[in-house]
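We will go stop by stop.

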Amino acid sequence: MPRYSEKAEKITLPVLPLHDAVAFPSIPVDFETDDKVAVAAAEASQNSGNCVFLVCVAEDDGSAPSPEALCRTGTVARIRSSVRDGDSVRLICECRARADVIDYYKTGHRITADLLEKTVALADNGGIRGEAYCAEIRSSLERMIGFLTIPTSGIRLAARNIKDPALLSDFIASAVLVRTEDKQRVLEEHDPFARCALLLSLMESECRVMECEREIREKAGSRVARNQKEYYLREQMKVIEEELGEDADPDDLSDRIRTADIPEPLREKLRRENDRLLRTPYGSAEAAVSRNYIEEVLELPWNRRTKDRLDVEYARRVLDRDHDGLSKVKERILEYLAVKQLNPGLKNQIICLVGPPGTGKTSVAASIARAMNRKYVRVSLGGIHDEAEIRGHRKTYVASMPGRIINGIRQAGVANPLMLLDEIDKLASDLRGDPSSAMLEVLDPEQNKNFRDHFIEYPFDLSDCFFITTANTTDTIPKPLLDRMEVIELNGYTRTEKLSIARNHLLPKQLKRHGMSRRTVRISDAAILGIIDSYTREAGVRSLERNIAEICRKAARKIVESGGEIKYVTVNAADLLSYLGSRKVIPEKICDTDLIGVVNGLAYTETGGELLRVECAVLPGSGKLELTGSLGDVMKESAKAALTFVRSVAADYGIPDDFVTKKDIHLHFPEGAVPKDGPSAGVTVVTALVSALGGIPVARDVAMTGEVTLTGRVLAIGGLREKAMAAFAAGASTVLIPEDNLNDLEEIEAEVRKGLTFIPCRTVSDVLLRALAGPAPARAEQIPAGAGSIALPQMSVPSVRTPAV
């Protein structure tokens, strides 16, 4: 049996990498390269007898090859010709022998390798076995030539003249094998006979592939011949659609339907729709409808979800960093995350944030999504009056599309986003339907797991969505819809909270937007408080942010116009006049002296709390009651109830019994252009009437709030936190509140509680005892039973500064 001999020699040569090419021993190579490593190797070959190591780049990403990207077997070659042309070099190399890499070294652009050069010699060309391999290789070559499109006469002639099977296998591999990986496999085989066997296997595989390709080309050619005209027109239309960006291949849709992660019943539905599309004339309206429907359905994330981050402490840090205040919302989210840790199967909640404009309802939703690692999508519902905006249109209509809920899911790209339904209180309705009724299914945890959009026509599971809705008021939200949501009321920001928000959020945001920093513009806390008090009247901070932006703009202009002389601008409270102009809001203050018929009431509006002064004038007349100040019906009825109660206790405060027939009473609520309503001014009206009719002054530093009944009871009111802030800002020292509101005192910030004395009152007599500054004739300390007042003994009313409630 013939054997071969192998001679090995250890050498060190510069490495010349080849891209998509393999060099074989005894076969010259001619190529041009601008690879910096290859150029460096060609230059360094002068120190190694013009010899280099040609090796294929295994992982070619287009960049300069590294040692890790090079193969471990290559060819030792001598450079016969080297011509430099700019950054590239053209080389003609004579390949000598195979070599295995021991190790690579890289210095700058040059790579050097320690090699083991191996020279293999066959005795008598391998004898009979070698001759058999050569014959088989030539036979495979003849078969393969029938598939090749390159000139093959030279290859045939050379193959007939080569008798050495080792050399023949190298020659054939370099000439006819297509894949670089296959050529490298042949090069790495040192055993000549094993190399021949490997080459035959690779050639057989190539022949099968090329035969299959030829069959496909013949079938395609016959199909084109049968449908030449139709095919040509279709191809033209495809090219036109590609240019217009409207490419949609039905075959591509079939593949997408087959591989899409969707429910099986839906997959079958899409297959039927696609079959209908294939039978529909190309370019027809029906084809466009079907194609649009399939693409819309496939784009929905039926089973894609993000993993919730349930770290309560991390969520707390995110929410506190992004927003000051909003404690109720933050606590509710942290509670949800804690419960979700204990019960991973808990379905998502539906929360409705209700509060005045500018209090952070929309922005806090984005922070919640970030804290929970949820995708965030906002759906604006303001002004929607068509049910199809929620449920979508039937796909048969022209320009039909899914509703806003499904579009939001598609926009998020996952089936469990945090979806903000903004301005849900501003949904409208007309002859096209009632969108709020469509929202009943969306916001019902028992129904939304099978939400059916009219366009999709297949149930979509919305139960994993975290819905947060926002509203300015709940009055316009239908009761069935409101019942499905957990309402969290957001009160207006306090003065201290606005200062913190401006300092930590608004000012940095505006400085960045105007290309400045805290070193460039310095706005003092006193200036910010001046803006809050004298230039804004709002529950939120939008006007505050606009005023800060105006200061930044004027400061930027001042710095630019100075030509570099002014490096920074400092804004103090005294500078506000030059930056923002005259004051836009004049803060309400208590009177300087005790007055008769003038009482400090408290009101709660959408912009926060306000001091509502009530004035009463008594004139000779016939018993008329005049009410002015743009009052609502509830407030008018409250004033009439107060007058009735005063008539019942007139004698106790020295008020003549005939004032009803001989006196006209005028009650005025200043700022007449501002609408006012609500029952909480009842005790204020009673005090003003008693003061004016009895000639008793009212303490100027006392403010009050509470609803009054015909029997003299003082009922609980809302908005105590905001009303207390208004009394504190106006300079009052005492606030009379209903006894039932004692528990609300803990919501008032510490600074306000420290600066005010809160006195709980059960009856109107408690209010009058504390509010009236002077004695009255025959004034009783107790309202007698039977005179229209509540039959309770007079309470000993304590003062409350910081109650432990």
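A crossing is left-handed if the near helix is turned anticlockwise from the far one by less than a right angle, and right-handed if clockwise. Keep that rule for the second stop. This is a predicted model, where local features need pLDDT of at least 70, side-chain atom pairs count only at pLDDT 80 or more, and totals for chains, interfaces and linings use all residues. Residues are numbered from 1 along each chain as its sequence is written, and side-chain values use heavy atoms, with hydrogens and water left out. Helices (H or I, at least four residues) and strands (E, at least two) are DSSP runs, numbered from the N terminus.

**Stop 1: helix H1**

Select residues 36–44, which form helix H1. How many of its residues are buried? Buried means under 20% relative accessible area, exposed means over 50%, and partly exposed lies in between (1.4 Å probe, protein chains only). In H1, 7 of the 9 residues are buried, so the helix is mostly covered. Colour them: Val37, Ala38, Val39, Ala40, Ala41, Ala42 and Ala44.

**Stop 2: helices H18 and H20**

Select residues 495–513 for H18 and 542–561 for H20. Their axes come within 10 Å and cross at roughly 45 degrees. That angle makes H18 oblique to H20. Axes are lines fitted to C-alpha atoms, for helices over the stretch in contact, and angles run from 0 to 180 degrees between N-to-C directions. Angles under 35 degrees count as roughly parallel, over 145 as roughly antiparallel, 65 to 115 as roughly perpendicular and the rest as oblique. Which hand does the crossing have? H18 passes H20 in a right-handed crossing.

Show the side chains where they meet. H18 brings Lys498, Ala502, Leu506, Leu507, Lys509, Gln510 and Leu511. H20 brings Leu544, Glu545, Ile548, Ala549 and Cys552. Contact means heavy atoms within 4.5 Å. By class, this contact has 8 nonpolar, 1 polar and 3 charged residues. Ala, Val, Leu, Ile, Met, Phe, Trp, Tyr, Cys and Pro count as nonpolar, Asp, Glu, Lys and Arg as charged, and the others, Gly among them, as polar.

**Stop 3: helices H2 and H3**

Select 127–145 for H2 and 153–161 for H3. The two pack at an angle of about 175 degrees, with their axes 11 Å apart. H2 and H3 are therefore roughly antiparallel to each other. Arg138, Leu141, Glu142 and Ile145 of H2 meet Ile155, Arg156, Ala159 and Arg160 of H3. This contact divides into 4 nonpolar, no polar and 4 charged residues.

**Stop 4: Ser26**

Select Ser26, in the loop between strand S1 (4–18) and strand S2 (29–33). Is Ser26 buried or exposed? Ser26 counts as exposed, at 51% relative accessibility. Not counting residues up to four places away in sequence, Ser26 touches Cys95 and Leu167.

**Stop 5: Arg537**

Jump to Arg537, in the loop between helix H19 (525–534) and H20. Arg537 is partly exposed, with a relative accessible area of 40%. Thr607 is 70 residues away along the chain, yet the C-alpha atoms are separated by 6.3 Å.

**Stop 6: Asn373 and Glu423**

Select Asn373, in the loop between helix H13 (361–372) and strand S8 (376–380). Its phi is positive, about 60 degrees, although Asn373 is not a glycine. Next, pick Glu423, in the loop between strand S9 (418–422) and helix H16 (435–442). Phi of Glu423 is also positive, near 60 degrees.

**Stop 7: Asn741**

Finish at Asn741, in the loop between strand S25 (734–738) and helix H26 (750–755). Asn741 is buried, with a relative accessible area of 1%. Which side chain does Asn741 join through a polar contact? The partner is Asp744, at 2.7 Å. A polar contact is a pair of N or O atoms within 3.5 Å; within protein, one must be able to donate a hydrogen and the other to accept it, and residues adjacent in sequence count only if both atoms are side-chain atoms. A polar atom of the Asn741 side chain also lies 2.9 Å from the backbone oxygen of Ile717.
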